[in-house]
Amino acid sequence: MAASPTPKPTRRNNTAEAGLADSPKSRISPVVLALQHWALKFPFSKTTPMAVAYSGGADSTALLHAAAAQWPGQVTAIHVHHGLQAAADDFVRHCEAACTAINVALHVVQVDARNASGESPEDAARKARYAALAGKAVELDIGTVALAQHADDQVETLLLALSRGAGVAGLAGMPAEFERCGVRFVRPLLSLGAQEIRDELDTSGIAYINDPTNRDLAYTRNNIRHRLLPVLREVFPHYRETFARSARNMALAQEALVQAAIELIAVTGSPPKIAALQVLARASQGNLLRHWLKTQFGVTGSEAQINELLDQIADCTNRGKGIRIKVATGCVERRGSVLTYLPSL
């Protein structure tokens with residue numbers, strides 16, 4: 001049975017209500033500055049409601065306090081109850097008390113985040129969490145949900161992508177802004193490190209939950225966080241900044257690839273004509289097919305699957321030559337002069 005959450009001791013003073021500032025005349029906290037910088041880069045109306053994905057942990061606590069101070073009266077908290085550990089009910093009670101203290105409405109959404117066969121627990125929980133956040137935001141007529149991922153989360157994401165042999169899209173890491181189910185998700189804290197955020201909370205005396213699962217080395221991210229990042233910090237002290245720069249460069253490269261694919265699809269058609277594909281360079285064919293599969297069917301082919309598909313396209317020199325390649329849970333087939341995707345084998 002998991003241990004109960006351990007809130008950090010709270011030292012109540014004016015700082016908690018001032019959005020993490022040490023005193024009215026002190027410096028503005030890094031969390032508030034990051035939020036202000038985000039608001040300038042991604043304009044946010046002061047009359048538009050915003051939701052914060054609030055777990056009760058340090059990162060989302062800092063984000064919630066800063067957002068509530070920046071935009072009083074228009075910030076709502078959404079807490080996703082995963083139901084995966086005994087302490088989850090205690091998390092809810094902590095979040096309720098914390099939101100009441102700063103006069104922020106809290107909405108709790110309970111989900112079944114158990115992983116399916118062959119699916120990692122982290123992926124299952126993430127999918128359930130985003131679906132729950134988007135669903136509740138739509139229900140509340142809130143168009144923007146702020147997430148508290150930070151620079152260390154970005155580094156972990158990039159290392160995971162590298163370990164899986166990801167391409168340009170995966171190595172672009174987590175975007176600062178994206179849309180899902182008609183809701184805009186934003187990550188204002190990607191420039192801050194985890195310790196920087198926790199130091200601000202401890203200085204301000206704001207309580208937060210220490211989730212015991214965050215130290216469970218059965219999870220890959222926790223292994224990276226507790227075993228690999230300390231070594232990176234020792235060997236490459238500025239690894240957060242350099243990894244973030246690489247992610248931005250990969251994101252720019254991915255934008256260029258997407259634009260190139262869109263322009264090529266205008267020529268080959270959708271579904272793509274086999275003859276039109278064959279006149280393209282192999283790399284362009286692969287880029288087009290990945291984009292087509294992802295945008296039209298929400299699937300991503302492995303490197304081996306795409307390479308085999310490209311080989312079969314190259315060999316498709318007469319009407320009798322068939323094409324059939326498994327991709328995700330379905331397959332790509334030849335139908336006359338074009339390719340088609342069947343979502344289920």
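1. Phe 297 is partly exposed, with a relative accessible area of 33%. Here buried means under 20% relative accessible area, exposed over 50%, and partly exposed in between (1.4 Å probe, protein chains only). Tyr 341, at 5% relative accessibility, counts as buried.

2. A word on the basis. The model is predicted: local features need pLDDT of at least 70, side-chain atom pairs count only at pLDDT 80 or more, and totals for chains, interfaces and linings use all residues. Residues are numbered from 1 along each chain as its sequence is written, and side-chain values use heavy atoms, with hydrogens and water left out.

3. Aromatic pairs come to seven by the rule used here. That rule pairs rings of Phe, Tyr and Trp (its six-membered ring) if their centres lie within 6.5 Å; planes under 30 degrees apart count as stacked, over 60 as edge-to-face and the rest as tilted.

4. Take Tyr 130 and Phe 185. Their ring centres are 5.6 Å apart and the planes stand at 80°, so this pair is edge-to-face. Tyr 130 sits in helix 5 (residues 121-139) and Phe 185 in strand 6 (residues 183-186), so the pair ties together parts that are 55 residues apart in sequence. Helices (H or I, at least four residues) and strands (E, at least two) are DSSP runs, numbered from the N terminus. Tyr 130 counts as buried at 6% relative accessibility. Phe 185 is buried too, at 0%.

5. Now Phe 297 and Tyr 341. The ring centres lie 5.0 Å apart with planes at 45°, so the pair is tilted. Phe 297 belongs to helix 12 (residues 282-297) and Tyr 341 to strand 9 (residues 338-342), so parts 44 residues apart in sequence are tied together.

6. Ring pairs also build a cluster: Tyr 130, Phe 178 and Phe 185 are linked.

7. Six strands form an open sheet in the order 3-2-1-4-6-5, with mixed pairing. Two strands pair if DSSP finds at least two bridges between them. Strand 3 (105-110) and strand 5 (177-180) are the edge strands, each pairing on one side only. The twist averages 30° from one strand to the next.

8. Strand 1 (residues 50-53) pairs with strand 4 (residues 144-146) in the parallel sense over three bridges. Val 52 stands opposite Ala 146 in strand 4.

9. Helix 3 (residues 58-70) lies across strand 1, strand 2 (75-81) and strand 4, at about 160° to strand 1. Contact means heavy atoms within 4.5 Å. Axes are lines fitted to C-alpha atoms, for helices over the stretch in contact, and angles run from 0 to 180 degrees between N-to-C directions.
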